[in-house]
Amino acid sequence: MSFLKQIAMCIVLAGTVVGTSFESRRDQITKLVVQIQRADYEGDRAALRRLYNDLAPFADDKEFGAKVQYWRGFALWRRALNGLNESVDAHDTEQDLKQAVSEFDAAISKDPAFVDARASAGATRGTLIAFYRRNPELAPELKDTARMQEFIKKALSYMNEAEAAEPENPRVLWVLGPVQWYLAQQHGATPDKATDVAIEMYQRGLKAARSHKSAVRDPLVPSWGEPECLMSLAGSNFYRTAPDLAAAEQYAHAALALVPYWHYVRDILIPLIETAKIKIEIIGLERAALERWGKGDPQGYLEIMAPDMTYFDPALEKRLDGLAAVKEYIVPFTGKIRIDSYEMINPQVQRYGDVAVLTFNLIDSVKRPDREEKVRWNSTEVYRRIDGNWKTVHSHWSYIKPQLK
């Protein structure tokens with residue numbers, strides 16, 4: 001649609017709005033707001049843009065103007081946040097965030113007591129700051145430390161004012177989570193300690209959201225927060241230095257129970273958590289087998305091999321096919337292997353559904369009377385989930401930089 005056609009359409013819609021009843025306008029706005037929240041959770045950026053435009057004719061409504069501009073700002077704010085999970089043009093994201101700030105500021109201008117608009121205005125500015133730090137070429141003026149500090153101060157002032165006005169507003173507490181994380185690190189806290197501070201804020205927000213629930217509410221008044229706090233608790237536990245995967249999984253599934261169609265949680269966060277759990281499980285299986293192998297017990301490996309196992313190592317002239325063949329080959333090593341210590345270096349697990357590829361380097365150390373002998377390996381282990389258990393279906397061992405003749 002051309003720019004002139006868009007203008008014409010807005011004029012037509014605005015003309016339609018004029019003279020309609022209070023209830024009719026309310027119903028029209030409510031339907032659009034409900035769709036905006038759904039589109040946000042579904043990650044439907046095209047719908048968020050369309051719905052932002054659909055609300056335009058109501059922006060100057062005497063009764064609903066402030067709420068309309070809040071939800072217009074919300075649509076673009078969440079459109080930008082959803083875009084951060086995709087390959088979106090940086091200028092597009094910047095424009096969304098800047099326009100969202102303008103909409104929130106307009107809502108505050110119309111209703112200075114609109115705390116949610118103030119909190120969201122601060123949060124969007126915070127997102128814009130983080131965005132500019134990743135894309136400094138879009139805001140070269142912010143390379144000036146003084147100007148950046150002024151920008152940060154403006155964002156913090158909005159959120160601090162919101163907290164002072166409504167200290168138990170779950171949405172205020174949710175947007176303050178990243179702020180507290182940032183400030184804690186600025187004051188010297190380690191990343192994990194800073195994460196603990198953010199988690200405390202999300203826990204407060206979750207408690208507040210659950211205590212503020214009511215059977216009847218105005219759909220135009222922001223009431224989101226509980227799913228977002230659960231999502232952030234999941235992410236905070238997942239991304240810390242030593243992830244608490246059990247907590248992350250619990251919170252993520254609790255968020256999804258409230259919003260089953262939440263694209264980010266369902267299709268991005270939970271698969272990441274599951275993959276991390278699988279990585280730990282598979283590396284654990286491999287380490288346990290290595291421990292037994294180093295003590296002369298090959299059963300540790302045989303127990304995790306699938307019936308259709310295939311196998312290569314440097315002593316073989318051809319591939320071994322099937323568990324029986326591999327068993328015949330390695331059982332004679334029983335009691336003959338002694339490895340004093342080993343080091344698994346840089347293990348990586350790449351998961352593809354029910355198949356996972358573990359690759360790593362291994363250094364085996366054997367103490368001799370006059371020296372310590374080391375053997376260095378490249379290893380590729382292909383695992384497949386069979387009846388709920390991970391089994392190796394292919395194993396390939398080779399020496400690191402062997403002496404070639």
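Colleague: How do you know how far to trust the chain, given its mean pLDDT?

Modeller: pLDDT is the predictor's confidence, from 0 to 100. The mean for the protein chain is 92. Of its residues, 94% reach 70 or more. Residues 11–15 are another matter: there pLDDT stays under 50. The model has 2 contacts beyond four places in sequence for that stretch. Where pLDDT is low, the predicted coordinates should not be read in detail.

Colleague: What makes β1 and β2 a pair?

Modeller: Pairing needs at least two bridges between the strands. Strand β1, residues 305–312, and β2 have 2 bridges, in the antiparallel sense. Therefore they count as a pair. T310 stands opposite D321 in β2.

Colleague: What does β1 have on the β6 side?

Modeller: There, 4 bridges join β1 to β6, and the two run parallel. At least two bridges are needed, so β1 and β6 pair as well. In β6, the bridge partner of T310 is H394. Y311 stands opposite S395 in β6.

Colleague: What makes up the hairpin of β3 and β4?

Modeller: It has 2 residues between the strands. G353 takes a positive phi near 65 degrees. The strands are joined by 10 bridges. M344 has L362 in β4 as its bridge partner.

Colleague: And what about the hairpin of β5 and β6?

Modeller: This hairpin also has 2 residues between its strands. D387 in the turn has a positive phi of about 50 degrees. Here, 10 bridges join β5 to β6. S379 stands opposite W397 in β6.

Colleague: How much space lies in the largest pocket, and which residues are closest to its centre?

Modeller: About 1,600 Å³ of space lies in it. It is lined by 37 residues, and L81, L84, T127, P178 and Y202 are the closest to the centre. Elements that give two or more residues to the lining include α2, α4 and α10. The largest share, 7 residues, comes from α6.

Colleague: What classes of residue make up that lining?

Modeller: The lining has 23 nonpolar, 8 polar and 6 charged residues. Among the residues closest to the centre, L81 and P178 count as nonpolar, because Leu and Pro belong to that class.

Conventions: Residues numbered from 1 in each chain as written. Predicted model: local features only at pLDDT ≥ 70, side-chain atom pairs only at ≥ 80, totals over all residues. Heavy atoms only, no water. Contact = heavy atoms within 4.5 Å. 1 Å grid on protein atoms, 1.4 Å probe; cavity = no way out; pocket = protein on both sides within 12 Å on 5 of 7 lines; lining within 4 Å. Points joined across faces, edges and corners; volume = space filled by probe spheres on them.
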